[in-house]
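This report describes one protein model for a reader who has not seen it before. The sequence and the structure come next, followed by the description.

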Amino acid sequence: SPRYPIAAARRGESGTVVLEVEVDAGGAPLSVEVASRSGSRDLDRAAVDAVSRWRFSPALDADGNPVPGRLTVPIDFKME
């Protein structure tokens, strides 16, 4: 999970960042772009940084072979 940025937490910022992630056939992110901002630059940056390090299960073609793909990942930051 992305770490809640300390500065954003101090300011009481929360929100949802929606990311568009392009994944290679091995499951590694090739690109991570913000599709919808949270309203906080710190939260957006934390989401991109975290998802850039994730590994995904790659998409499969009709024969079951891994292929590159693209997916949408929402990241919620909520103060509890």
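Two strands are said to pair if DSSP finds at least two bridges between them. Helices (H or I, at least four residues) and strands (E, at least two) are DSSP runs, numbered from the N terminus. The model is predicted: local features need pLDDT of at least 70, side-chain atom pairs count only at pLDDT 80 or more, and totals for chains, interfaces and linings use all residues. Residues are numbered from 1 along each chain as its sequence is written, and side-chain values use heavy atoms, with hydrogens and water left out.

**Sheet and helix**

An open sheet is formed by 3 strands in the order β2-β1-β5, with antiparallel pairing. Its edge strands, each pairing on one side only, are β2 (29-36) and β5 (69-77). From one strand to the next the twist averages 25°; axes are lines fitted to C-alpha atoms, for helices over the stretch in contact, and angles run from 0 to 180 degrees between N-to-C directions. Strand β1 (residues 15-23) pairs with β2 over 6 bridges, and Glu 20 stands opposite Glu 33 in β2. Helix α2 (residues 41-53) packs on the sheet and touches β1, β2 and β5, its direction making about 35° with that of β1.

Ser 31 lies in strand β2. Its C-alpha atom is separated by 5.8 Å from that of Val 21, 10 residues apart along the chain. Leaving aside neighbours within four places in sequence, Ser 31 is in contact (heavy atoms within 4.5 Å) with Glu 20, Val 21, Glu 22 and Arg 70.

**Core**

A nonpolar core is a set of buried Ala, Val, Leu, Ile, Met, Phe, Trp, Tyr and Cys residues joined through side-chain atoms within 4.5 Å. Buried means under 20% relative accessible area, exposed over 50%, partly exposed in between (1.4 Å probe, protein chains only). The largest core has 15 residues, and Leu 19, Val 21, Val 51, Ile 75 and Phe 77 have the most contacts inside it. Two or more residues each come from β1, α2 and β5; α2 gives the largest share, 5 residues.

**Salt bridges**

There are 7 salt bridges, each a side-chain nitrogen of Lys or Arg within 4 Å of a carboxyl oxygen of Asp or Glu.

| Pair | N to O distance |
|---|---|
| Arg 11 and Glu 13 | 2.8 Å |
| Arg 70 and Glu 33 | 3.8 Å |
| Arg 37 and Asp 44 | 3.5 Å |

Arg 70 in strand β5 and Glu 33 in strand β2 are 37 residues apart, so this pair links distant parts of the chain. Arg 37 is exposed at 60% relative accessible area, whereas Asp 44 is buried at 6%.
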